[in-house]
Amino acid sequence: MLDVAALGELLIDFTCLSTDENGYPTMAAHPGGAPANLAVAAAKLGASAAFIGRVGADAFGTQLRECLRANGVDVSRMLTDAQRPTTLAVVSLDSRGERSFSFYRQHSADLALSPDDVPDEALRSTHFFHFGGVSLTANPARDTVLDAARRARNLGAYVTYEPNYRPALWGSRADG
C-alpha cells in the first residue's frame with residue numbers, strides 16, 4: 001500500500017541562473033510539476049510515494065524519470081510517450097523577484113494522459129491521491145484526472161488537490 005500517489009504534470013523548468021556578458025540569460029533545466037514535487041517531498045519525509053503521468057521519449061523525460069527515482073518515488077506507472085515531447089516551462093523573474101511562467105506544452109506528453117494510464121489497481125493501493133490544477137487545463141488530461149480523482153475517492157483514498165493556477169494555460173478566466 002502506498003502512502004501517496006500523485007497524478008499529473010511533470011516538466012522541466014528552465015530557470016535563469018545568471019546573465020552572460022551580453023545580458024542574455026543563462027538557464028538551467030530543473031525538474032518541476034506540482035504533483036511530482038509533492039511525491040518527492042513525501043518520499044523525502046519517509047512516505048511511500050508514486051508518480052503517475054507521461055513524459056516524452058527525450059532527454060528531458062529521462063532526466064525527470066531519474067530524478068524521481070533517485071528521490072525514492074515509484075515510477076512504475078510513469079509512461080514514456082514516443083510521439084510527444086516533455087513539457088517545458090521558462091521561469092522568468094521581474095525586478096521585484098516575482099516569477100512568471102511561459103509554458104511550452106502544446107501536444108506534450110502530459111496532456112495525452114488517458115484513463116488507461118490510471119488503472120483502478122493504482123488507485124486502490126494508495127491512502128492519498130493527489131493531483132494539481134495544471135493537468136486540468138486541456139483534454140484528454142483534464143477528463144482523465146477528474147475521473148481518476150472520483151475513482152480514487154470511491155476506492156477509499158483521500159483525494160487532495162493543489163490549484164496551482166497558471167492563467168496563461170487556460171483559454172479564458174472562466175475556464176479556470
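Reader: Which residues touch the most other members of the largest nonpolar core?

Author: In this predicted model, Leu 7 and Phe 129 touch the most other members among the 19 residues of the largest nonpolar core. Two or more residues of this core come from each of β1 (2–7), β4 (49–56), α3 (120–124), β9 (126–132) and α4 (141–154), and the largest share, five residues, is given by α4.

Reader: What does Leu 7 touch, leaving aside residues up to four places away in sequence?

Author: With those left out, Leu 7 touches Pro 35, Ile 52, Leu 113, Val 118, Phe 129, His 130, Phe 131, Gly 132, Val 145 and Ala 148. Another core, of 17 residues, lies apart from the largest one, and Ile 12, Ala 49, Phe 51 and Val 55 are among its members.

Reader: Why is Arg 96 called exposed?

Author: A residue counts as exposed when its relative accessible area is over 50%; Arg 96 has 68% relative accessibility, and therefore counts as exposed. Arg 96 lies in the loop between β7 (87–93) and β8 (99–104), and its C-alpha is 38 Å from that of Thr 144, a residue 48 places away in sequence.

Reader: Why does His 107 count as exposed, and what is its phi?

Author: The same cut-off of over 50% applies, and His 107, at 59% relative accessibility, therefore counts as exposed. His 107, in the loop between β8 and α3, has a phi near 60 degrees, a positive value in a residue other than glycine.

Reader: What kind of peptide bond joins Asn 139 and Pro 140?

Author: The bond joining Asn 139 and Pro 140 is cis, with omega about 10 degrees, and Pro 140 is found in the loop between β9 and α4.

Definitions and conventions: Residues numbered from 1 in each chain as written. Predicted model: local features only at pLDDT ≥ 70, side-chain atom pairs only at ≥ 80, totals over all residues. Heavy atoms only, no water. Core = buried A, V, L, I, M, F, W, Y, C linked by side-chain atoms within 4.5 Å. Buried < 20%, exposed > 50% of the residue type's maximum accessible area, 1.4 Å probe, protein only. Helix = DSSP H or I, 4+ residues; strand = E, 2+ residues; numbered from the N terminus. Contact = heavy atoms within 4.5 Å.
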